[in-house]
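Student: I would like to go through this model and ask what stands behind each label. Please set the values against the definitions.

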Amino acid sequence: MWQAFRNGSVYDLRSGDGAADDPHGGHPWGPERSVRARIVCWLLLGGPPALAGRVSSLKLAGVQITDVLDLAGGTIVPYTEMKHCRFEKEILLPESRFATLRLVDCSIPRIEAARLHTEGDLHLPRCRVHNGIRLTDAQIGTDLLLNQAVVYRDRRSRSITGDGLTVGQDLQAEMMESHGELSLRGAKVGVSLSLRGSRLINQYGRYALNAPQLTVERTLYLTPAAVGNPPQTSGTTPARGTRVQRFECEGGIRLDDGRFGDAIDFAAARFRLQNDQEISLRRVQTPELRFLGEAPQRGKVVLSGAKVVNLIDRATSWPGPGGLQMGGFTYENLVPLGSFTLDQRLAWVSAATAEYNPEPYEKLAAVLRNGGEDADAREVLLAKQRRRRETLPMAAKLWGFAQDWTVAYGYRPGRAAVWMAVLWAVSAVAFSHADHPAIKPGEHPNWNPALFALDLLLPVINLGQDSYWQLRGGWQWFSTALILLGWVLATTVAAGATRLLRRS
């Protein structure tokens, strides 16, 4: 091993038997494959100089490292790569500095690496870590790779603790299994964060992914990954027809106050929540939210205070009544995939308002109106009035029913015009049988019941009929009611015409 270090070559102790060489299997590795951790630390911290024309590096394969590998606070210059190795005890790397560190397909009890600093990558693909990984306030210069890793919880029920973690480029944790809480509070990722095809399982706490105030400069992917031989974890979306593994989450997701430069992508994601768990996107800001996964059967989806430019969604992705909260949720464009009817969109808003709240209705109406769908916007505002009516006292509720049945709260002006036509016809027939003495005999036009009725119905406009004739008894009450109804109906028609002209 000493000579391989000076030569920059791989020190390989594998036997060639796949079962015996599996670092995660039960086959024992004897002293012939074991190296003391103290010797490894000696090489990394103060090893011999490289041979002439070579670059010293530690490359191990199939080696069992006994005791605790303690490099805390050290500066490790040589390139370090360990593949298919077993670690008897934990790895201690707090406040240490590496150029690049690669641990590939290794069995590790625990990795303690708070405030670790690497100039290049930190690779942990296909590793199994039995008592958690701690990367609190670590700084990774380029990429952090956790593809296909399996990480179990520590004593605090956390699988990976990455609070305050900074990654210069990509954080890839594709097809990873996390058994416990994946904590990334306040973490910053310079490009994209990919959890494609991963399974996050936390049966011991509220959140499987706890990442408030997370900053991702590009996109957060909670989407499928292609399954092949070998599995594709290249960071690309699987081609159509490829067998895929979905992103699955058993436990809540918390992304409150997060900032995402391009998008949050939930395509085909599957969630299994308990009643008290949430997919919490409170106050997140992102140009695009792709909410295209399966609707959770329990728990809640919370979008309160979130700001999104494009909301890309499916009708089948949202939970039912009581499972959605979006007070203060703002979005500029709706981009539904598949059929998403207006009735389904109204049900979406209704599901978010267990108690009457006008804001989601008004926001939806504004977005539809800005998109040129004025008729749909009026239907949304009409639905808002109907929902409001449910909260009113009985007298106001009855008046609301009357407004709805007659003029649809003014949002269907065509109905008001029909009522005006009906009232005009009925009143014209009625006035043809009314006693109508002239106010000033000899100074009046010919009696025309149709024009007289229209003169009463149309406010402001004077057709020169109602001021020349006098009605008595019940006909006076009838004409008064006709004048009041005319004001209501004509105002409704005028408001509808004004909205139409404004859109034009």
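Student: How do you know that β7 and strand β11 pair, and in which sense?

Tutor: Two strands pair if DSSP finds at least two bridges between them. β7 and strand β11 (residues 101-104) have four bridges, and the sense is parallel. Within this pairing, T80 stands opposite L101 in β11. Strands here are DSSP runs of E with at least two residues, and helices are runs of H or I with at least four residues, numbered from the N terminus.

Student: What are the ground rules for the model itself?

Tutor: This is a predicted model, in which local features need pLDDT of at least 70 and side-chain atom pairs count only at pLDDT 80 or more, while totals for chains, interfaces and linings use all residues. Residues are numbered from 1 along each chain as its sequence is written, and side-chain values use heavy atoms, with hydrogens and water left out.

Student: What joins strand β3 to strand β7?

Tutor: Five bridges join β3 (residues 57-61) to β7 (residues 79-83), and the two run parallel. L60 stands opposite M82 in β7.

Student: How many bridges join strand β25 to strand β29?

Tutor: Two bridges join β25 (residues 181-183) to β29 (residues 207-210), and these strands run parallel. S183 stands opposite N210 in β29. Both strands belong to an open sheet of eleven strands with parallel pairing, in the order β5-β9-β13-β17-β21-β25-β29-β35-β39-β41-β43.

Student: What makes β5 and β43 edge strands?

Tutor: β5 (69-70) and β43 each pair on one side only.

Student: Why are α4 and α6 called oblique?

Tutor: For α4 (residues 342-351) and α6 (residues 374-389) the axes cross at roughly 40 degrees and come within 11 Å. Angles under 35 degrees count as roughly parallel, over 145 as roughly antiparallel, 65 to 115 as roughly perpendicular and the rest as oblique. α4 and α6 are therefore oblique to each other.

Student: Which residues of α4 and α6 meet?

Tutor: Contact means heavy atoms within 4.5 Å. L342, L346 and S350 in α4 meet D376, E379, V380, A383 and R387 in α6.

Student: Why is the pair of F291 and W318 called stacked?

Tutor: Rings of Phe, Tyr and Trp (its six-membered ring) pair if their centres lie within 6.5 Å; planes under 30 degrees apart count as stacked, over 60 as edge-to-face and the rest as tilted. By this rule there are eight aromatic pairs. F291 and W318 lie 4.3 Å centre to centre with 10 degrees between the planes, and the pair is stacked.

How values were computed:
Axes fitted to C-alpha atoms, helices over the stretch in contact; angles between N-to-C directions.
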